[in-house]
Amino acid sequence: MITRRSLAQITIAAPLLATGLGRSAGAQAARTISGGFDVGPGGMPGNFNPMTATAGFTWLTLYLEPLVIYDAKLETVVGALATSYSVSADQLTYTFKLADTRWHDGQAFTSADVRFTIELAKNAASGSTFAARLGAIASVETPDARTAILKLSAPNAGLLDTLTKVMILPQHALAAIPPADLPRHAWWSTSPIGTGPFKFTRYVSGQYVALSANADFRGGKPQVDSVVNRYFESTAGAVAALRSGEIQFSYVEADDVANFRNNPAFRVIEGNSFVVNYLGFNQEVPVWKDLRVRRAVMHAIDRAAIINSLYGGAAVAANCGYVAPAFVPAGLDAYPHDVAKAKALLAEAGWDKINGAKPITLLTYYNAPLAINVMAAIQAMLAEVGINVVPRVVDVPTYNSLVYAATPDWNSFAMVYAGLQNGPDPSIINIGLNEKQIPPAGANIMRVRMPKLSAAFDAALGETDAGKRPARYQDVCKVMNSELPWGTLWVTARYGIASTKLKDFTWIPAPAGGPYEAHPERWSI
Amino acid sequence: MPRTLRYAGRRLLAGAAMLLALSVLVFLLLRAAPGDPVDAFVNPSVAMSPQDMTALRERLGLDQPLPVQYLAWLAQAFRGEFGYSLQGTGEPVLPLVISRLGPTLLLMATGLSLAIVLGISGGVAGAVRRNGAVDLGLSVLAFLGISSPAFLSALLGLYVFSVRLGVAPSGGMLTPGVPFALGDLAAHLLLPGLLLSVGHTALIMRYTRSAMLEVLNQDYIRTARAKGAREISVIARHALRNALLPVVTLIGSTIGIAVGGAVFIESVFNWPGMGLMMVTAVRARDYPVIMGAALVIGAFVIVLNLLTDLAYAVIDPRIRVG
């Protein structure tokens with residue numbers, strides 16, 4: 001029986017089908033996995049140079065490998081190109097035992113490649129975004145082809161985390177290229193070689209990148225012949241491609257998840273964003289100097305209501321910069337929603353005198369519809385206690401130009417709604433809160449000057465005993481909770497959608513795309 | 001003919017001056033916009049130190065005074081180079097822009113061809129059957145088409161034809177990982193081309209209808225009919241040819257507007273053309289790519305306008321250029 005819908009389909013599809021054109025839609029070569037691997041905040045489409053990458057590591061680790069990598073729970077740093085590693089008691093010597101493997105062109109991988117890569121990554125002239133973070137490495141020793149030793153001038157708590165993002169590069173292929181020419185050298189997008197389970201095959205500018213299986217991969221021949229990373233201008237485009245079956249995987253916005261939740265053809269992957277969202281109180285703006293005002297803001301915002309009604313429960317309230325249990329001590333103030341208390345705190349602080357009803361700019365770079373709804377809710381809740389904020393949504397470059405300006409207009413970002421990566425390495429938020437990190441030294445854009453907080457960070461960063469480190473970060477958390485350098489709000493979940501046709505497919509919404517142990521050689525379709 | 005050539009030469013010289021002015025304007029507008037390529041590069045959630053940002057600015061020459069930056073760009077442009085993209089691995093701008101020009105021209109040619117064929121046919125049909133059911137139906141469609149912004153029709157088209165009906169690819173120009181096939185290209189082209197044509201079809205249809213109605217009331221049409229010419233010949237040879245002049249003007253000016261429409265269509269359908277490249281470049285404050293693309297688009301519009309003016313003389317011998 002021909003239904004009205006099928007009649008409409010036949011009518012509209014007829015011209016396409018008559019010419020045989022419609023049939024190619026969604027056609028893919030056999031045993032190929034296609035996905036939007038660079039869609040969303042973890043992606044960095046079009047960037048193939050790992051030295052300049054600030055995201056996109058999920059894709060890069062399909063053909064390149066770092067020395068060490070996070071496990072798939074983002075909890076532990078384990079070996080990748082290093083089969084094992086050890087750190088000396090004084091935290092000044094890192095010894096890596098290297099895998100016996102070969103580059104995609106057949107040349108042997110050795111410790112010389114490790115030394116070459118680390119030295120290149122330390123050289124800012126190469127465009128490396130790791131130069132500052134690897135500054136503590138004084139030398140790289142290579143006693144034999146299978147051992148690399150990093151000697152540090154001072155302990156660096158974040159070194160292993162940084163090393164997970166430094167992809168080891170082939171000295172024999174790159175040594176002849178001057179470092180200054182590397183950032184825009186064609187090698188990256190035409191003939192890069194790595195040691196990973198897939199080989200770089202083809203990049204079609206702005207469209208897709210294709211990789212083919214590396215049959216000689218030391219972890220076993222990949223289960224699929226190729227993997228294709230398609231580029232999408234928007235998440236909506238990726239969602240359309242997912243739903244039409246053209247791709248089998250993509251990151252999606254939280255709003256899109258409901259469309260896939262009960263669809264047996266898809267699997268929803270949910271994970272921690274590792275980004276703490278906060279209201280930043282610009283400490284150069286006098287209204288925020290009084291702790292009672294900052295406490296009033298916290299009590300004015302009904303975080304539970306926003307998490308439940310706007311995020312659909314897919315967020316965890318943050319009472320400091322962390323939500324990971326290891327770094328959150330007991331007895332924190334949860335700042336429950338309490339309008340009367342907020343009003344009382346403001347009255348006590350003399351809010352009418354220090355600001356009154358004057359509008360305060362609430363700047364953000366989050367421009368997705370969900371974030372705009374969150375901003376509207378925050379605006380309404382703060383208005384209820386007498387704090388008049390006006391949200392201003394701008395794009396990322398505009399936001400950065402305001403908060404990093406050489407001569408800032410403090411009132412243009414008197415308050416911000418922003419996020420900062422808070423893990424897996426807890427030391428990462430130091431750059432946004434320690435007094436020593438006030439621009440131009442670091443990214444303490446809210447100009448937080450709180451000696452207790454800076455001291456807590458310094459103690460945590462300088463802790464050489466790994467067993468004691470969580471307690472140090474709990475101290476950081478306690479100070480954040482009591483002093484409120486930021487009004488910490490929540491850590492949201494992020495989502496990916498995978499076709500149920502994919503087997504043994506590992507993906508997590510890791511910040512900056514990881515990297516983490518995804519074992520792409522095991523993926524099948 | 002020499003007069004036409006002199007005219008074309010003068011117009012091209014004026015066009016070159018306009019391009020120079022355009023480059024200054026785009027350069028200044030870009031620098032006036034908040035944020036620079038380094039600001040766009042830094043993810044606020046993954047902090048980077050301002051010292052690293054300063055080092056990046058120095059490497060990209062963004063720390064130089066504006067006149068120095070512009071003159072350096074101009075010197076490059078006179079050598080036929082437009083620098084390197086500041087995104088990804090830094091593709092050279094000129095080959096990048098040229099590689100994106102083809103897909104945009106293909107998309108625009110498809111959209112405009114469809115618009116011209118459908119618009120003129122619809123306009124003629126509406127005028128010939130004035131106030132009839134066909135005319136009324138076409139008028140309603142034309143108004144719908146004119147009222148539909150490109151981004152709306154593009155999103156609706158994507159949802160209906162790709163997601164719901166599954167009869168067209170959801171984006172891209174070719175199926176990744178599959179050898180090139182003309183049918184594959186056509187399958188990817190048809191839907192965005194059709195959606196790009198919607199607004200232009202409607203406009204051309206309305207213009208053609210109104211021009212045809214005016215011409216059909218002229219004495220020479222009555223004379224042609226009185227002489228026993230067949231109706232099809234009256235419409236096609238006598239009426240349509242004379243009615244086409246304003247329509248050709250419209251089509252000429254439509255090309256510039258179509259570039260704007262292509263930006264939306266390319267973004268929604270991930271069509272690897274100039275529009276998509278420009279959107280990405282503006283978001284990344286990729287100055288060299290924006291400058292290069294603006295000049296190429298400017299040159300394209302200038303040349304097409306010149307060709308349109310020259311086409312007048314071909315269509316209507318009474319018009320002399322120069």
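I count two residues as in contact if their C-beta atoms, placed from the backbone, lie within 7 Å. With that settled, I opened the model, which is a predicted one.

**Entry 1: chain B overall**

I looked up how far apart in sequence the contacts of chain B reach. Taking contacts between residues at least 6 apart in sequence, I find that 71% join residues at least 24 apart. The secondary structure of chain B comes to 12 helices and zero strands. I then asked for its extent: the C-alpha trace spans about 85 × 55 × 35 Å along the principal axes. Of the 322 residues in chain B, 43% are buried.

**Entry 2: a helix pair in chain B**

Next I picked helix H7 (residues 150-164) and helix H8 (residues 182-216) of chain B, which pack at an angle of about 145 degrees with their axes 9 Å apart. The contact uses B:Ala150, B:Ser153, B:Ala154, B:Gly157 and B:Phe161 from H7(B), and B:Leu191, B:Leu195, B:Val198 and B:Gly199 from H8(B). Sorted by class, I get six nonpolar, three polar and no charged residues there. I also noted the handedness: H7(B) passes H8(B) in a right-handed crossing.

**Entry 3: helix H13 of chain A**

Over to chain A, where helix H13 covers residues 369-385. Its 17 residues reach 25 Å from the first C-alpha to the last, close to the 24 Å expected at 1.5 Å a residue. Which residues of H13(A) are buried? My list reads A:Ala371, A:Val374, A:Met375, A:Ile378, A:Met381, A:Leu382 and A:Val385. Seen down the axis of H13(A), the buried residues fall within an arc of 130 degrees, so they line one face of the helix. A reminder to myself: an α-helix has 3.6 residues a turn, so residues three or four places apart point the same way.

On the other side of H13(A), I found A:Pro369, A:Ala376 and A:Ala380 exposed. The partners of the buried residues include helix H9 (291-300), helix H11 (339-349) and strand E15 (389-393) of chain A. I also checked A:Ala383, another residue in H13 of chain A. A:Ala383 is partly exposed, because 13 other C-beta atoms lie within 10 Å, and a residue needs 20 or more to be buried. Just after H13(A), A:Gly386 has a positive phi of about 105 degrees.

**Entry 4: where the chains touch**

How many residues does each chain give to the contact? I read 69 from chain A and 58 from chain B. On the side of chain A that touches chain B, helix H14 (residues 396-403) of chain A gives the most, with six residues. By class, that side of chain A has 35 nonpolar, 28 polar and six charged residues.

Most residues other than glycine have a negative phi, and most peptide bonds are trans. I went looking for exceptions. A:Leu484 is not a glycine, yet its phi is positive at about 50 degrees. A:Leu484 lies in the loop between helix H17 (469-483) and E17 of chain A, and it is buried, with 24 other C-beta atoms within 10 Å. B:Arg285, also not a glycine, has a positive phi of about 50 degrees. I found B:Arg285 in the loop between helix H11 (274-283) and helix H12 (287-315) of chain B. Is B:Arg285 buried or exposed? It is buried, with 27 other C-beta atoms within 10 Å.

For peptide bonds, I noted a cis one joining A:Gly423 and A:Pro424, with omega about 0 degrees. A:Pro424 is in the loop between E16 and helix H15 (430-433) of chain A. A cis bond also joins A:Gly514 and A:Pro515, with omega about 10 degrees.

Technical notes
Residues are numbered from 1 along each chain as its sequence is written. Chains are lettered from A and ligands numbered from 1 in the order in which they are written. This is a predicted model: local features need pLDDT of at least 70, side-chain atom pairs count only at pLDDT 80 or more; totals for chains, interfaces and linings use all residues. Helices (H or I, at least four residues) and strands (E, at least two) are DSSP runs, numbered from the N terminus. The expected span of a helix is 1.5 Å times one less than its number of residues. A residue is buried if 20 or more other C-beta atoms lie within 10 Å of its own, exposed if 12 or fewer, and partly exposed in between; C-beta atoms are placed from the backbone. The arc is that of the directions from the helix axis to the C-beta atoms. Ala, Val, Leu, Ile, Met, Phe, Trp, Tyr, Cys and Pro count as nonpolar, Asp, Glu, Lys and Arg as charged, and the others, Gly among them, as polar. Axes are lines fitted to C-alpha atoms, for helices over the stretch in contact, and angles run from 0 to 180 degrees between N-to-C directions. A crossing is left-handed if the near helix is turned anticlockwise from the far one by less than a right angle, and right-handed if clockwise.
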